[in-house]
Amino acid sequence: MKQIVFISGKGGTGKSTLVSSLSLLVKNKMLADCDVEAPNLHILMQGEILKKDDYFGAKEAVIDSSACIKCGLCRETCRFDAISEEYKIKSMKCEGCGACTLVCPQNAIKLEEVKTGKTFVSNTPRGTFSHALLDIGAEGSGRLVTEVRENVKNYKKDEEWLLIDGSPGIGCVVIASITGTDAVVVVSEPTKSGQSDLERVLGVAKHFGIPAFVCINKYNLNLKVTSEIEQYCENNGYPVIGKIPFDQSIVKALQEFKTPIEAGNNAITNEIKNIWTRLTNKMKKLEE
Ligand code: SF4
Ligand code: SF4
């Protein structure tokens with residue numbers, strides 16, 4: 001099974017719209033939403049939940065008051081002011097760093113796992129789909145992204161593709177999204193900041209030796225920057241596999257939780273079909 005991850009330098013570039021559109025066009029695939037801090041594919045992928053698990057993504061100190069002699073060493077050590085004068089842990093402040101456990105002369109403090117979200121695998125009309133929902137205030141992590149990717153593989157049949165909606169940015173969640181994939185598609189917008197984000201995220205893909213392709217969304221909003229992005233890609237060996245125009249009808253479709261394909265926008269549907277054809281052709285060539 002080939003894994004293709006769609007990423008961007010920041011959120012809101014249209015990568016989820018592209019992935020959800022491809023989920024309607026590509027046969028023989030599974031899907032994973034690794035944009036764990038802002039997941040939205042599950043809203044479109046209505047289906048039957050096959051597996052649901054609590055995710056424990058943080059640690060928190062717990063004080064055994066029966067063993068505590070109130071020496072104060074833990075309070076002095078905690079840099080996050082997470083221990084009260086009564087030697088109770090302030091949950092909202094504890095970072096789970098464990099420093100307090102190292103200084104306690106009574107071994108009265110231990111770290112416990114804290115539930116920070118849930119992971120899901122669903123059977124949907126578009127294929128088996130894996131995603132996670134974080135609890136309010138919880139942060140995503142590379143480990144959660146890896147778990148979302150691994151979960152879906154347990155339901156693998158003979159699918160040819162795993163389409164991954166990756167995390168935006170260049171941090172550990174992105175690295176966890178792209179590690180071990182067969183190709184990265186970076187979705188960019190024609191703005192100066194979009195161009196800069198694109199270059200940074202392409203640098204991450206290059207660092208990990210993963211073939212990277214570029215798709216410019218809303219390209220017609222700034223033809224000058226689009227042209228600069230194309231030039232940059234040409235100079236640096238990154239194929240531009242598609243340019244999707246901005247169209248007001250897409251805004252309306254997204255407001256109704258529809259993809260451009262479901263909204264019947266033929267021009268954009270054709271370009272997305274072409275993106276898939278160009279991508280798969282180029283991936284085949286890389287294997288030759
Ligand atoms: S370091 Fe240990 S014994 Fe001392 S106050 Fe903290 S929990 Fe209690
Ligand atoms: S685990 Fe770290 S943040 Fe939490 S109470 Fe202990 S020292 Fe403070």
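How many bridges join β8 to strand β9 (residues 240-244)? Four do, and the two strands run parallel. The views below come from a predicted model, in which local features need pLDDT of at least 70, side-chain atom pairs count only at pLDDT 80 or more, and totals for chains, interfaces and linings use all residues. Residues are numbered from 1 along each chain as its sequence is written, while chains are lettered from A and ligands numbered from 1 in the order in which they are written.

View 1. Six of the six residues of β8 (residues 212-217) are buried, so the strand is largely enclosed by the rest of the structure. Buried means that 20 or more other C-beta atoms, placed from the backbone, lie within 10 Å of the residue's own. Ala-212, Val-214 and Ile-216 point one way, and Phe-213, Cys-215 and Asn-217 the other. Strand β7 (residues 183-188) pairs with β8 in the parallel sense over five bridges, with Val-184 partnered by Ala-212. On the β9 side, Asn-217 stands opposite Ile-244.

**View 2. Helix α1.** Take a look at residues 15-25: nine of the 11 are buried, among them Leu-18, Val-19 and Leu-22.

**View 3. Around ligand 2.** Of the 14 residues around this ligand, Cys-78, Ala-82, Cys-94, Cys-97 and Cys-100 come nearest; a residue counts as near if its C-beta atom, placed from the backbone, lies within 6 Å.

Key:
Buried ≥ 20, exposed ≤ 12 C-beta atoms within 10 Å, placed from the backbone. Pairing = 2+ DSSP bridges.
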